[in-house]
Amino acid sequence: MAFSKDEYLKQLSDSELLAIYKKNGDKLLIGELYKRYTHLVLGMCLHYFNDKDVAKDVVVQIFEKLFDELKKREVENFKSWLSFVVRNFCISELRKMKTQLNRDIQYQYEVKQELRLIDESEAADHEKKLAHLELALQNLNP
């Protein structure tokens, strides 16, 4: 009885999948790891982001990152290593989001300051025009 490729991959341990991936770079092997651990990664991402859509996007980014990382690293316990990668990736993304949020807030503050200065300038110009108008009215012949 012959096994399909999916059935064959399901029988391999994480370590065997990683060893074969390092040799031939077949992304289906990472796909099998994805099937095994996507629930774990999604759960961790939900913990950090509290938004299902953001968490799903981060899960995809993490597994895309694994293609390169697993070629460079010697991983003995994939599940533990993956948890470490997910935690660090999520923290890094949260820092990026916080930095971007701070930039957005700073930009909004600067825009408001500029608008306030423009309003003050326009108000001052308006006051000058009113003063000139009053002076002109006073100088008119009855």
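Biologist: Which class, buried, exposed or partly exposed, does serine 15 fall in at 40% relative accessibility?
Modeller: Serine 15 sits in helix H2, where a helix is a DSSP run of H or I with at least four residues, a strand is a run of E with at least two, and both are numbered from the N terminus. Buried means under 20% relative accessible area, exposed means over 50%, and partly exposed is what lies in between, with a 1.4 Å probe and protein chains only. Because its relative accessibility is 40%, serine 15 counts as partly exposed.

Biologist: What pLDDT do local features need in this predicted model?
Modeller: Residues are numbered from 1 along each chain as its sequence is written, and side-chain values use heavy atoms, leaving out hydrogens and water. The model is predicted, and although totals for chains, interfaces and linings use all residues, side-chain atom pairs count only at pLDDT 80 or more, while local features need a pLDDT of at least 70.

Biologist: How are H2 and H3 oriented to each other, roughly parallel or roughly antiparallel?
Modeller: An axis is a line fitted to C-alpha atoms, for helices over the stretch in contact, and angles run from 0 to 180 degrees between N-to-C directions. Angles under 35 degrees count as roughly parallel, those over 145 as roughly antiparallel, those from 65 to 115 as roughly perpendicular, and the rest as oblique. Helix H2 (residues 14-24) packs on H3 at an angle of about 155 degrees, with their axes 8 Å apart. H2 and H3 are therefore roughly antiparallel.

Biologist: How many charged residues take part in the contact of H2 with H3?
Modeller: Nonpolar residues are Ala, Val, Leu, Ile, Met, Phe, Trp, Tyr, Cys and Pro, charged ones are Asp, Glu, Lys and Arg, and the others, Gly among them, are polar. The contact includes Asp14 and Leu17 of H2 and Lys27 and Arg36 of H3, where contact means heavy atoms within 4.5 Å. By class, the residues of this contact of H2 with H3 are eight nonpolar, one polar and, for the charged ones, four.

Biologist: How many nonpolar residues does the contact of H3 with H4 have?
Modeller: Helix H3 (residues 27-49) and helix H4 (residues 52-72) pack at an angle of about 140 degrees, with their axes 8 Å apart. That makes H3 oblique to H4, and H3 passes H4 in a right-handed crossing. Among the residues that meet are Ile30, Val41 and Cys45 in H3 and Val58, Ile62 and Phe67 in H4. By class, the contact of H3 with H4 has one polar residue, three charged ones and, as nonpolar residues, 17.

Biologist: Which residues of H4 make the contact with H2?
Modeller: H2 and H4 pack at an angle of about 90 degrees, with their axes 9 Å apart, and that makes H2 roughly perpendicular to H4. On the H2 side the contact is made by Leu18, Tyr21 and Lys22, and on the H4 side by Phe67, Leu70 and Lys71.

Biologist: How far from cysteine 45 is the nearest cysteine sulfur?
Modeller: A disulfide is a pair of cysteine sulfur atoms within 2.5 Å, and by this rule the count comes to zero disulfides. Cysteine 45 is in no disulfide, and the nearest cysteine sulfur, that of cysteine 90, lies at a distance of 3.7 Å.

Biologist: Which class, buried or exposed, does cysteine 90 belong to?
Modeller: Cysteine 45, at 0% relative accessibility, counts as buried. Cysteine 90 also has a relative accessible area of 0%, so cysteine 90 is buried.

Biologist: Which residue other than glycine has a positive phi near 55 degrees?
Modeller: The residue lies in the loop between H3 and H4, and its relative accessibility of 68% is why it counts as exposed. The residue with this positive phi, near 55 degrees, is asparagine 50.

Biologist: What is the C-alpha to C-alpha distance between leucine 46 and lysine 56?
Modeller: Leucine 46 is found in helix H3 and is partly exposed, with a relative accessible area of 30%. Leaving aside neighbours within four places in sequence, leucine 46 is in contact with Asp51, Lys52 and Ala55. Leucine 46 and lysine 56 are 10 residues apart in sequence, and in space their C-alpha atoms are separated by 8.4 Å.

Terms used
Left-handed = near helix turned anticlockwise from the far one by under 90°.
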